[in-house]
Structures are given as C-alpha cells and as structure tokens.
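Subject: A structure for you to look at

Dear colleague,

I am passing on a structure that I would like you to open beside this message. Please look through it once before you read my notes.

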Amino acid sequence: MIGKKTFLEGLNITNQLTNDIVFMCETRTKSTYFTRSNNCKMGFKDLIIFELNFVKKSLQIEL
C-alpha cells in the first residue's frame, strides 16, 4: 500500500510541476523557448510527459 501512495504522490507532484509557469521559465534553456503557446505543435507539458514516458516503439509511431 505504501508503494501505491508514493506513486500517486509522485504523479501529483509531476502534474503540479508541468502545469507551473514558473517551473517552465526556470527550466528552459533559452528564454525564447515555449513562448508561442497557441501555434506550437508540442507544448512544454506535452514534451515533458513525452520524455517521461519510456519510448518502446519508433519515435514516429510514438508521436
């Protein structure tokens, strides 16, 4: 039961971080990255979740 609780806590923390604008601004490598939120194909949250998801197939299939 403890493992399930820590896993859910980890998911909640990950969800909070990916939705946080301050986290995005602090972790991007260039200040112009992720500034156009309306026209982008893959936003910051989508990119972080994609990187956390272990790719098992080819990149084109996963995307």
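Below are my notes on how the two parts of the chain meet.

This is a predicted model, in which local features need pLDDT of at least 70 and side-chain atom pairs count only at pLDDT 80 or more, while totals for chains, interfaces and linings use all residues. Residues are numbered from 1 along each chain as its sequence is written, and side-chain values use heavy atoms, with hydrogens and water left out.

The chain falls into domain 1 (1-30) and domain 2 (31-62), with bounds that come from an automatic or database domain assignment. Their centres, taken over C-alpha atoms, are 16 Å apart, and the contact (heavy atoms within 4.5 Å) involves 10 residues from domain 1 and 9 residues from domain 2.

Together the two domains bury about 880 Å², of which 66% lies on carbon and sulfur atoms; buried area is the accessible area (1.4 Å probe) that two parts lose on being put together, summed over both. Of the area that domain 1 buries against domain 2, 60% is supplied by Thr 18, Arg 28 and Lys 30, more than by any other three residues.

Between the domains there are 0 salt bridges, a salt bridge being a side-chain nitrogen of Lys or Arg within 4 Å of a carboxyl oxygen of Asp or Glu.

Best wishes
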